[in-house]
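Hi everyone, thanks for coming.

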Amino acid sequence: MSNSDDTSISVWPYVGYYALTMVALTIALGILVIAVPAFSEVIGKAAGFAISFGSANIALSKFIRRNGRLFIHREYWTIVLLSTLAAFLISAPLGWLAILGEAKRHDLSGVPLAVWVGSVLFAFLLTFGLNAAWYSSRFGKTLLKVELARRARSDTEAFR
């Protein structure tokens, strides 16, 4: 899939956009839940998907805006993996706090180690799959069309 014409670009800045957006959206969600506690039941389960989608969408749109193209094969898998690791590192302390909160209300000492490992592995694979979907060309093509149309309008304004 890689052409000799395509030069690979570092995806680290876009992983940074992903991580910063994830932190900002998590903080915003926390403030919303504190301000309106009834929202915690309504949006609690879907919030992770929205945060993941929003973070990947910001990183993808920044990449497209700066480079005018979609990810090439190597960049795509690199950003999927690095974004998954970033999401995992950001979410791990929050998950640990949630487990500590539950441990105060319920005795979790009887939960086997295999269940804990399986839960972590499932969360990692789910996040990886979500990031692979969000960064895919299905969403990227729409953003790329919008960016290329914006560039064409700005480029032709000088000739009008």
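Let me begin with a definition: the expected span of a helix is 1.5 Å times one less than its number of residues. The helices here are DSSP runs of H or I with at least four residues, numbered from the N terminus, while strands are E runs of at least two. What we have is a predicted model, where local features need pLDDT of at least 70, side-chain atom pairs count only at pLDDT 80 or more, and totals for chains, interfaces and linings use all residues. Residues are numbered from 1 along each chain as its sequence is written, and side-chain values use heavy atoms, with hydrogens and water left out.

Now, helix 1. Its 24 residues should span 34 Å at 1.5 Å a residue, and the end C-alpha atoms are 34 Å apart, so the two agree. Which residues of helix 1 are buried? They are Y14, V15, Y18, A19, T21 and M22. Buried means under 20% relative accessible area, exposed over 50%, and partly exposed in between, with a 1.4 Å probe and protein chains only. These buried residues pack against helix 3, helix 4 and helix 5, where contact means heavy atoms within 4.5 Å.

Y17 is also in helix 1. Is Y17 buried or partly exposed? Its relative accessible area is 24%, so Y17 counts as partly exposed. Leaving aside residues up to four places away in sequence, Y17 touches A59, K62 and R66.

On to helix 3, residues 47-67. With 21 residues it should span 30 Å, and because its end C-alpha atoms are 30 Å apart, expectation and model agree. Its buried residues include I51, L60, F63 and I64. Among the elements that cover them are helix 1 (12-35), helix 4 (73-105) and helix 6 (137-156).

Next, the core. The largest nonpolar core has 24 residues, and Y18, F71, Y76, I79 and Y135 have the most contacts inside it. A nonpolar core is a set of buried Ala, Val, Leu, Ile, Met, Phe, Trp, Tyr and Cys residues joined through side-chain atoms within 4.5 Å. Helix 1, helix 3, helix 4 and helix 5 each give two or more residues to this core. Y76 touches F71, A132, A133, Y135 and S136, not counting residues up to four places away in sequence.

Last, F39, which lies in helix 2. F39 has 34% relative accessibility, so it counts as partly exposed.
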